[in-house]
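Please open the model in a viewer and keep the selection tool at hand.

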Amino acid sequence: MKTRSITAALAAVLAASVASAASAEPVFNRIASFAVADNLPEGVDKARPTSSEIISASEDGNTLVYSDSPNKAIGFIDITDAKAPKAGGTVAFDGEPTSVTIAAGKALVAINTRESFVKPSGVLAQVDVASKAIEATCDLGGQPDSIDLNKDRTIAAIAIENERDEEVNDGAIPQMPAGDLVLISLKDGVVDCGSIKHVTLTGLADVAGEDPEPEFVSFNNLDEVALTLQENNHIVIIDGKTGTVKSHFSAGTVSLEGIDTKKDGALTFTGEMKDVPREPDAVKWLDDNRLVVANEGDWKGGARGFTIFDKQGKVLYENGAGFEREIARIGHYPDKRNKKGVEPEGMEAAKFGDDNLFFVLAERASVVGVYKDTGGEPELLQLLPSGVGPEGAVAIPSRNLFVTANETDLVEDGGARAHVMIYERAEGEAAYPQIVSTDKDGELIGFGALSGLAPVEDKPGMLYAVNDSFYASQPTIFTIDATAKPARIVDALRITRGGAAAQKLDSEGLTPDGEGGFWLANEGDADKLYSHAILHVNGKGEIQKEIAIPAALRAGEKRFGFEGIASVGEGDDKVLWMAMQREWGDDEKGFVKLVSYKPSSEEWGAVRYPLEKTESGWVGLSEITVHGDHAYIIERDNLIGEAAKLKKLYRVALSDLKPAALGGDLPVVRKEEVRDLIPDLKGATNGFVVDKVEGFAVDAAGNGFVVTDNDGVDDSSGETLFFGIGPMNAM
């Protein structure tokens, strides 16, 4: 079976978007992002780590409730105006909330209160959504994970995981005590603690059958519960009214082809894995007989996709590596996690209009796949950008909304916060992805960490891009067709030295040499033995020459060096200009160098560029490119989200670029602001403002293009924003 490619899906969506409004296909687009830190109580340090894991919505669809494990709380978000979500406060507990759902205005919260792995415990708390009062708690007799309600909201099913200690015996099971399933009755959202029924699950699984570890539960319309035992690689179907096990079966194994199997700083989708246990996490019913599971492959590792079973265990559809390969096409493949791949974890299913949809959340790729259930092979409709680490999701079809809860908070590393993302389904065209890859010689072109742009001579809408040291084993110059929407990577030229992939490169900028080759700006790092240098590469990608920085420049050497390169003039008069990212040891604070090099005479020089001032973070340069009579420069801070204040495009007149000798007094250039890029970054996909605006180029027709560096999806949402800003002569 083959999954329809995202490029084909996007082409269909785009074709529909230009048709009449009556026949236009609806698509999901992100309309708002809510930083969970905005819900921290008054007086609490806003730098305190937060999380949003499992999320639910009130019956009217106006209130979201999510679990925040680090703060032992649940949080509320008012989405009466879905495009402007408002903090609704939190409720704290004496334990760690693991899951939440809502019935009749009551939030039912599963809470882990364990003393240790061998002494698990937990409670179910009933919280009034309006007053935020904790009205009741029920002892669950173990550590809970997932919770779900039947259709008429009279039965709650709770997976009691009693999870393993990953530090014991390398996390292998059995590790007692065993988990089970709890069924509890409720009426009008009020739980009946006396009705608790424990369903024994031992003796079912082939893998450590004495130690079942339930992970996720889901009800169908027949009050049957589908329950995954992830580490046991097993699925159980239970009568939710009686607690009787109706069927159970192994989730089995899957063999994968066309995958990346090595954590090696290269994206090579030619590997395979045989007979990998699926290890299902989330499960959702597609109807009363079919269920779809997200194969996280978290323990043994590597399952990567999803599977549709009937409730007797027959495989009706296997996605294999299809989902992951489409994720790779939009630059979200996490090379550092490729033993386990993108790790599909969360799942949601709902009917929107006439379409039965299900949503697959890839935790490590920070992507949501939107699939249409056709009754046979599912149809991939979209890939949605999420925050970092999507864990839970809730569909609100009555309002045409879909919401994700993203658990990862990188505040301690200066990165993105945990976010709740809101998407709306409406007629129009998909805003994301903005750039996708194609195949070359029958193989998928993987990409990420794009760090510089340059124009293709005499070809409007065609650009070059280069990746940075994240892909240290696969330095590459990409060719981009920006006339397509989304833009398409149509070629990949590997950079080599001595016939092998060039090592110790951190290419942060490129410019054509006018002879079919390129000049590259290499940013050094003494700790990694990377040198600050200019490289000359021929049209085959072979490094012809490496030009180290001179002693006069090296005397003030620091980590953050060349971040872009541009060419001015021709022949013997050609001068290369490189932008230094930050101040070096010999720079006055608030000034960085624009460094010049004349290949014909091997002369070096520089001017000083004045940096903007900000209240926090650092400010530096990310790119330099030449168009007409000006050099265009990206200046940015290193901040994300609401903290980001400076992501701008400036220009300097070429007549002002009069370099002086290094080591002496350097002239200061005058700069002119051209464009504030923050509105572009905010408005492009309604996510948080990303950190690294890294590339800018003006094509052969005079149109400007911007690209962001997604850090190879390492502690990043993985989003690559690629957009045009129009004719530069109009600015």
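Begin by selecting glutamate 673, which counts as partly exposed at a relative accessibility of 42%. The model in view is a predicted one.

The side chains of glutamate 673 and lysine 648 meet in a salt bridge, with an N to O distance of 3.1 Å. Is lysine 648 buried or exposed? Lysine 648 is buried, its relative accessible area being 17%.

Now select Arg636, Asp637, Lys647, Asp691 and Glu694 together. Salt bridges with shared partners join these residues into one network.

How many salt bridges does a search of the whole structure find? The search finds 41, and two further examples follow.

For the next stop, select arginine 559 and aspartate 525. Their side chains form a salt bridge at 3.1 Å, N to O. The pair links distant parts of the chain, 34 residues apart: arginine 559 sits in the loop between helix 3 (551-554) and strand 45 (562-568), while aspartate 525 sits in the loop between strand 42 (518-522) and strand 43 (533-537). Arginine 559 is partly exposed, with a relative accessible area of 31%, whereas aspartate 525 is buried, at 10%.

Then move to glutamate 272 and lysine 274. These residues form a salt bridge in which the closest N and O atoms are 4.0 Å apart. Glutamate 272 is partly exposed, with a relative accessible area of 47%.

The last stop is a covalent link. Select cysteine 138 and cysteine 193, which form a disulfide with their sulfur atoms 1.9 Å apart. A search of the whole structure finds 1 disulfide. Which parts of the chain does the pair tie together? Cysteine 138 lies in strand 9 (residues 134-139) and cysteine 193 in the loop between strand 13 (190-191) and strand 14 (197-199), so the joined parts are 55 residues apart in sequence.

With both cysteines still selected, inspect the S-S bond. The torsion about this bond is about -75°, so the disulfide of cysteine 138 and cysteine 193 is left-handed. Finally, compare the surroundings of the two residues. Cysteine 138 is buried, with a relative accessible area of 1%, whereas cysteine 193 is partly exposed, at 33%.

Definitions and conventions:
Residues numbered from 1 in each chain as written. Predicted model: local features only at pLDDT ≥ 70, side-chain atom pairs only at ≥ 80, totals over all residues. Heavy atoms only, no water. Disulfide = S-S within 2.5 Å. Helix = DSSP H or I, 4+ residues; strand = E, 2+ residues; numbered from the N terminus. Buried < 20%, exposed > 50% of the residue type's maximum accessible area, 1.4 Å probe, protein only.
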